[in-house]
Amino acid sequence: VSDVLKEVEVQEPRFISSLNEMDNRYEGLEVISPTEFEVVLYLNQMGVFNFVDDGSLPGCAVLKLSDGRKRSMSLWVEFITASGYLSARKIRSRFQTLVAQAVDKCSYRDVVKMVADTSEVKLRIRDRYVVQITPAFKCTGIWPRSAAHWPLPHIPWPGPNRVAEVKAEGFNLLSKECHSLAGKQSSAESDAWVLQFAEAENRLQMGGCRKKCLSILKTLRDRHLELPGQPLNNYHMKTLVSYECEKHPRESDWDESCLGDRLNGILLQLISCLQCRRCPHYFLPNLDLFQGKPHSALENAAKQTWRLAREILTNPKSLEKL
């Protein structure tokens, strides 16, 4: 992937690879599941646009030229629509063409194929792995209006210092298909960018056994909850860990000795969400992470999750074999 992105950069210097290896891990790489990965490619220079999230597109925002005369000052001038929006889809379409050309040229031609039938940029590698490459803007120093309710005033977690850190960390705007807009074909939708809070969420889940808890939940999902209709992904688990942190605000609640209680609490909460067919995004509660999932798949997932929870509740050695 790194080599393909370097070739893209040679063809089009505006798409600079931000995939860097540090301490034997890649920064900018998210593990979605054991065979799926996402690389976020940060674009630069967004300055002449205003960030608009008025709630009309849940989970999404648009970038609008702050002043018509600044159009020519933008690095991305040909992707700006007549109404002054920077189109996420147009940028992605151009990027997809560049990646396809780079794959054709590279020495991995035999093992790397572009995934067809999607507007997203996805590579299938050795017929085993899928890597999605998502163009994005990093937004620091501002916080979305649609997340303005956070943190809730009556909850002591995460405390003012951590809140300030998280808000300074900001969020990302990703060019990808927005599931909450599926079926709505407005022009604003094709121009819209998806809000993502990966760094903010990671920062919130530092300390105590939070990361270990998430790790175990991801493993349980990968081994036991990979179900028809794909009702559950690891992001649902990450979201529920954040809600559990609110319910158990004291650091002592996240001591290693409490790990079993936290896992049980999260699995029971997950069952409740699956039965209600609703899982609100942690920062954007108007966005339902189960939207578009078949009801039968959610019901099946609730049954399977209950089996897991019952096993963990009744058998102290259950995690050794699960």
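Into which domains is the chain divided? I find domain 1 (1-205) and domain 2 (207-321), with bounds from an automatic or database domain assignment.

Notes on what I am working with: this is a predicted model, so I take local features only at pLDDT of at least 70 and side-chain atom pairs only at pLDDT 80 or more, while totals for chains, interfaces and linings use all residues. Residues are numbered from 1 along each chain as its sequence is written, and side-chain values use heavy atoms, with hydrogens and water left out.

On contacts (heavy atoms within 4.5 Å), 24 residues of domain 1 meet 22 residues of domain 2.

Buried area (accessible area, 1.4 Å probe, lost when two parts are put together, summed over both): the two domains bury about 2,000 Å² between them, 59% of it on carbon and sulfur atoms. On the domain 1 side, Trp157, Glu201 and Gln205 lose the most area to domain 2, together 38% of what that side buries.

Salt bridges (a Lys or Arg side-chain nitrogen within 4 Å of an Asp or Glu carboxyl oxygen): I find one across the interface. Glu201 pairs with Lys238, and their closest N and O atoms are 3.6 Å apart.

Elements (DSSP runs numbered from the N terminus; helices are H or I, at least four residues, and strands E, at least two): strand E3 (29-33) and helix H5 (198-204) each give two or more residues to the domain 1 side. H5 gives the most, with five residues.
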